[in-house]
Amino acid sequence: MAITFTQDPDSALSEFQRNGFFIEPDLFSEDVCLRLIDAANDLPSARDGSLTPVMNPHRINPVFEAPMRNPALLRIMERILGGRVRGLQTQFFFGRPGTQGFTIHQDNFYVRSPHGAFGSAWLALTDVDPENGSLVVYPGSHREALLDVTPVEQPSTFGQDPNANCQEAKLPPGYNPLSVTARRGSVVLIHGHVAHSSHDNTSTNRFRHVLLMTYVREGVDYRTGFAAKREAFDVYDDAATG
Ligand SMILES: O=C(O)CCC(=O)C(=O)O
């Protein structure tokens, strides 16, 4: 049986520290996932039909902030980041069929927090596999410092954030890509330095709905960012369960 933070937090933390990522299954119910997808249909890019990712939807509708306050997820993020945490950013991905994936990157390249003090929780709102755009991680690469990046020819930005695939991190040889299949309600926990990318959605009719939630350890510095406009916020101030 697979290790989980819910059942064996010490072993799960060791796995996370070894690989730089971890899949925590079934953290959110199907009902919560469906409600988030439903709420996303009111977001601007759903209304205008582009279905591009929406930055910080929690500032538009608090329903997208509620999962960040989920007590089980907060306990995990505290373990991973080494102390109390603050929410930093959310992003909603529709992942419509035909969307190109992200090129290889480290999330902390943009955020610039101390190593290990910033991490992401990538909530699969639908079943995600390589066909509809799953993540691809390079286990162990989180031990690297921030990598140099190089511009790449950008494929289509159809359905995608224009910053997702215009440059890529130069990963030293020796790391092997691993596709991360995640069923609905699972959370992929991502170390800020682990190199990762995502598959194109090559399916004909399977959207890849995901809510990305990022956190920093309380008190550390981070970059606000031109597009992301990050602003750390309290995730402990009410008892919502997400
Ligand atoms: O959801 C994806 O396709 C990739 C997301 C990602 O890697 C990120 O936002 O840093």
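**A buried asparagine, a ligand and a pocket**

At 1% relative accessibility, Asn132 counts as buried, because anything under 20% falls in that class. Keep in mind that this is a predicted model. To find Asn132, look in the loop that runs between strand S4 (118-124) and strand S5 (135-137). What does the side chain of Asn132 reach at 3.0 Å? That's the backbone oxygen of Asp127. The side chain of Asn132 also has a polar atom 2.8 Å from the backbone nitrogen of Asp129.

Now let's move to the ligand. Around it you'll find Phe93, Phe102, His105, Asp107, Trp122, Leu135, His196, Ser198, Arg208 and Leu212. Sort this shell by type and you get 5 nonpolar, 3 polar and 2 charged residues. Asp107 has a side-chain N or O atom 2.7 Å from a ligand oxygen, and for His105 the distance is 2.8 Å. How much of the ligand does the protein cover? On its own the ligand has 290 Å² of accessible area, and the protein covers 94% of that.

Last stop: the second largest pocket. Rolling a probe the size of a water molecule over the atoms shows where empty space is left. In this pocket, the space comes to about 170 Å³. Its lining includes Ala2, Ile3 and Thr4, along with Phe22, Ile23 and Pro25, and also Thr181, Ala182, Arg183 and Ser186. By type, the lining splits into 6 nonpolar, 3 polar and 1 charged.

Note on methods. Residues numbered from 1 in each chain as written. Predicted model: local features only at pLDDT ≥ 70, side-chain atom pairs only at ≥ 80, totals over all residues. Heavy atoms only, no water. Near = heavy atom within 4 Å. Polar contact = N/O pair within 3.5 Å; in protein donor to acceptor, adjacent residues only side chain to side chain. Areas by Shrake-Rupley, 256 points an atom, 1.4 Å probe, with all protein chains shown as cover. Nonpolar A, V, L, I, M, F, W, Y, C, P; charged D, E, K, R; others polar. 1 Å grid on protein atoms, 1.4 Å probe; cavity = no way out; pocket = protein on both sides within 12 Å on 5 of 7 lines; lining within 4 Å. Points joined across faces, edges and corners; volume = space filled by probe spheres on them. Helix = DSSP H or I, 4+ residues; strand = E, 2+ residues; numbered from the N terminus. Buried < 20%, exposed > 50% of the residue type's maximum accessible area, 1.4 Å probe, protein only.
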